[in-house]
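Dear colleague,

Please find the structure for your review below. My findings follow directly after it.

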Protein chains: 2
Amino acid sequence: MSAKTTDTKQEILSIARNLMKKVGYNAFSYSDISKQLNIKNAAVHYHYPTKEDLLADIVNTYIEDYKKLESGLSSSAMKAIDKISVFADRYAHLIEIQSICIIGSVASDFYTLPEAVKAKVVLLTNLVLGMVANVLEKGRANGELFFEEDARTKALLIMTNLAAGVQLARITGKKDFERIRTALLKQLKQ
Amino acid sequence: MSAKTTDTKQEILSIARNLMKKVGYNAFSYSDISKQLNIKNAAVHYHYPTKEDLLADIVNTYIEDYKKLESGLSSSAMKAIDKISVFADRYAHLIEIQSICIIGSVASDFYTLPEAVKAKVVLLTNLVLGMVANVLEKGRANGELFFEEDARTKALLIMTNLAAGVQLARITGKKDFERIRTALLKQLKQ
DNA sequence: TTTTTTACTTATTAGTAAGTAAGTATTATA
DNA sequence: TATAATACTTACTTACTAATAAGTAAAAAA
């Protein structure tokens with residue numbers, strides 16, 4: 001495989017990931033990608049015959065990203081609260097780049113997705129939820145974190161606060177996200 | 001004004017509201033509406049010349065709805081916890097009709113909206129947040145509800161839990177929404 | 001009763017979408 | 001060196017989008 005193929009395919013993927021987070025699946029086209037790369041529309045189709053193929057690969061890269069993050073976090077000596085804080089930082093960053101989280105983006109179009117992609121999205125979502133739940137559970141066991149719910153429920157509460165917080169920040173400004181972030185971390189420290 | 005005009009226009013609006021919540025602004029077309037009503041595409045344009053006009057009216061109806069809900073709630077003898085519970089029920093209902101909340105729907109497309117609509121969305125969002133914050137504040141003053149954050153922050157936490165909970169339920173099922181709802185109400189009762 | 005307004009339909013336009021078939025350089029392989 | 005695969009471009013098709021102009025039947029207003 002030549003270097004150029006990989007480069008273009010990777011760039012298509014990178015641009016598509018950003019578009020997914022910024023505008024969502026239904027709101028970007030192959031020409032949005034080809035124009036940014038100064039190639040033709042058909043060249044994108046060469047690498048990803050259909051938009052569904054592209055979406056499947058996008059979701060795959062997020063699954064890989066989160067697997068790496070998970071193994072990084074589980075082997076890290078970082079305090080549980082700092083791990084959650086790092087997680088919250090990822091969402092804060094999304095606001096800066098005018099994006100929303102990939103799960104929220106996909107949720108909007110969920111019913112129009114092919115079954116193969118849906119299954120991957122379910123996998124991704126449970127991966128993220130499981131990762132957060134794990135950090136929470138260990139943190140509570142260590143006496144670092146305080147919460148009354150079971151770990152999955154608390155993970156759900158935190159993830160929904162962050163994901164919708166990013167969406168809301170588009171409307172009412174990022175100050176509201178900061179209120180959410182601060183309250184969240186304070187709650188966990190009791 | 002004749003009866004028929006109002007009927008068709010109201011039906012267009014009603015169908016468009018449902019489509020907004022189900023698939024979002026970018027994913028429905030005038031023909032989705034005209035087909036449901038057995039009228040022609042141009043008839044929809046007669047009532048709403050542009051899609052932006054339609055969107056503006058959709059957001060207006062939600063503003064009116066929430067104003068009514070607010071005045072209903074503020075004059076109601078219902079307990080604060082029940083008011084929040086009713087609010088949560090509205091979100092649970094969205095899952096049944098395969099929809100997400102209007103604010104979440106609009107947030108996805110926020111950057112592509114005309115300024116006039118953006119302003120209305122900001123108004124709507126602050127209306128809902130203010131309403132919830134009000135119920136929370138009064139409930140706390142009455143000794144019915146317990147929370148440490150300021151009322152707007154707690155309203156943000158609850159709204160993000162519910163809004164993203166509905167989105168998440170599309171992916172992982174409505175059981176996760178029920179976990180969120182239950183945890184939320186339990187927290188408020190201390 | 002004439003005129004005007006309302007609520008459409010018919011027919012069309014300009015633009016964009018995803019997707020494909022066929023051709024062409026360049027690079028790698030046999 | 002001939003062959004085959006790679007990474008495209010050119011050119012096109014089909015389908016749909018929002019939007020508009022022009023015409024029409026029915027109802028309301030003058």
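How many residues does helix H8 of chain A have, and how far does this helix reach from its first C-alpha to its last? In this predicted model, helix H8 of chain A covers residues 151–172, which makes 22 residues. The helix reaches 30 Å, close to the 32 Å expected at 1.5 Å a residue. A bend of about 30° occurs in H8(A) at Val166(A). H8(A) is also mostly covered, with 20 of its 22 residues buried. After H8(A) comes Gly173(A), which has a positive phi near 100°.

I turn next to the interface of the two chains. Contact involves 38 residues of chain B and 38 residues of chain A. Between them, about 3,600 Å² of area is buried, and carbon and sulfur atoms give 62% of this area. Tyr111(B), Arg170(B) and Ile171(B) supply 19% of the area that chain B buries against chain A, more than any other three residues.

Polar interactions are also found here. There are 18 residue pairs in polar contact between chain B and chain A, counting pairs with both residues at pLDDT 80 or more. The rule finds four salt bridges across the interface. A salt bridge joins the side chains of Asp150(B) and Arg179(A), at 3.2 Å from N to O.

On the side of chain B that touches chain A, helices H6 (102–108), H7 (115–141), H8 (151–172) and H9 (174–188) of chain B each supply at least two residues. The largest share, 14 residues, comes from H8(B).

Yours sincerely

Notes. Residues numbered from 1 in each chain as written. Chains lettered and ligands numbered in written order. Predicted model: local features only at pLDDT ≥ 70, side-chain atom pairs only at ≥ 80, totals over all residues. Heavy atoms only, no water. Helix = DSSP H or I, 4+ residues; strand = E, 2+ residues; numbered from the N terminus. Expected span 1.5 Å × (residues − 1). Bend = angle between axes of the 7 residues up to and from the residue. Buried < 20%, exposed > 50% of the residue type's maximum accessible area, 1.4 Å probe, protein only. Contact = heavy atoms within 4.5 Å. Buried area = accessible area lost by both parts, 1.4 Å probe. Polar contact = N/O pair within 3.5 Å; in protein donor to acceptor, adjacent residues only side chain to side chain.
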